[in-house]
Amino acid sequence: MSSTNSSSNSTQSTHCSSASDICLDKCSTEDNQPIPGCNPSSVPDEENAQGLQSHPSHTTSDINLSTEEKNGAEIQEYAPADSTYAWVIVICAACNLMCTLGVANSFGVFSTYYINYIYPDTSASNIAWVGTAISLFMLGGAIVTGPLTDRFGFRTVALSGTVICCIGLLLASFSNALWQLVLTQGILFGLGAACIFSPSVSLPSQWHIRRRPLATGIAVAGSGAGGMIFTELTQVMIESIGHQWTLRALALILLCVSGASSMLYKRRLPVPTDGISLACMAKDSRLIAIGCAGFFVNLSYFVPWYYLPTAALQLGQTKQAANNLVLYMNAGSTVGRVLAAYIALAAGPINSIVVAYTTCAVLVLAVMLAVKSMAGYIILSVIYGALSASFISITPLVLANIFGAHGVTAAMGIMNMWCSIGVLIGNPSQGAVYQNFDRPNHAFTAISIWGF
């Protein structure tokens, strides 16, 4: 008996041939024979099956046990999928993404204001570090949110992120030097956003099965809607009360909306007691391919967001008209995030992403180099916002299909780490290219080529 157990344990510890098992060997019989049709990522451990309430992140009030038969295996759940509360989760996730990514995307307004009015003698590449820090720590920090949500629960992690974001914005409102803004509005806000972003993107996939594309699309569309709301709101507040009080007002709004939304977060499926091996998952070739795609997407993703308003100012447009371009991009993004998932189901996820970003690259190069008119900039903003939203909408669905509802949060964290490396390299490089080649000549040739 002891030799059999030893052999079984050895097999489990070395079994890492496919990421769909998340390094857990739960679909084998006692004699190590595979169970036909079994999905390891959906099978809970014996401890969870016998005593789900023992996990520290769950309370008696949070748990509503239900049982269903799937592929011949009995699966314990805290709540049924596709229930009414599942749509509460979607609405809360949309509100959280509206606040965090809305504030992050509205940095385009702050960037234009900083470049032209607060730090006119400072290199644009240095100012770009504020936006880089937001994206870098929001995406890169997501790699730890999977283990944190497994340990403390979605609600606690998201609430903690809300508090951190508010502290970052409040400290930024008292900052004068650029390096202080990098630390507060950049790094600190980005870390808080990481605790909200990844759980909010992945949790709807856990609660929905039949309508997962629609649920995910609505949730991530909140970021586009937030971009529209917060871009306009930020512009109006900067004009009326100044950028410092604008940061304080944004902190208060985020505390109220995101704090209330995070309070309603709950897990639907139990956490595997054996845990999820991030190292094993990170080696999966499919996740590596998705991560590489995210890396290249984020190398030049923010070129229109940060530099199109400045291009409009050089055409003689008002600050309001220039910053409205960010508003148009967010409007296109809101619609595109909902539609992208359904288009991917019809045309295939890879085909959808390739066509979308190829079109974006050609449009950025053509409009910013050849057209150079406000009408062209508006058309580019809407189309770019809609098509560039495909990656964030499609990847949660793909990762949920590969790793299951148990592993999608950890997989999103690893994928976002790849994206953060692209941001780390891309944003400062964009600033350096613009500062050295375009800004002295009042042109956008080099940055347009980079965006292509």
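1. Let's start with Tyr301: this residue counts as buried, at 12% relative accessibility. Keep in mind as you look at it that this is a predicted model. Next along, Phe302 is buried as well, with a relative accessibility of 9%. The cut-off for calling a residue buried is under 20% relative accessible area, so 12% puts Tyr301 in that class.

2. How many aromatic pairs are there? The count comes to 10 aromatic pairs. One of them is Tyr113 with Tyr117, a tilted pair with 5.6 Å centre to centre and 40 degrees between the planes. Both tyrosines sit in helix H4, which covers residues 107-118, and because they are four residues apart, about one helical turn separates them. Tyr117 itself is partly exposed, its relative accessible area being 41%.

3. Back to Tyr301 and Phe302, since these two rings also form an aromatic pair. What is its geometry? The pair is edge-to-face, with 90 degrees between the planes and 4.9 Å centre to centre.

4. Finally, have a look at two charges over rings. Arg248 lies over the face of Phe174, 4.4 Å from the ring centre. For Lys266, the ring is that of Tyr85: the lysine lies over its face at 4.6 Å from the ring centre.

Technical notes. Residues numbered from 1 in each chain as written. Predicted model: local features only at pLDDT ≥ 70, side-chain atom pairs only at ≥ 80, totals over all residues. Heavy atoms only, no water. Phe/Tyr/Trp six-rings, centres within 6.5 Å; stacked < 30°, edge-to-face > 60°. Helix = DSSP H or I, 4+ residues; strand = E, 2+ residues; numbered from the N terminus. Buried < 20%, exposed > 50% of the residue type's maximum accessible area, 1.4 Å probe, protein only. Lys NZ or Arg CZ within 6 Å of the ring centre and 35° of its normal.
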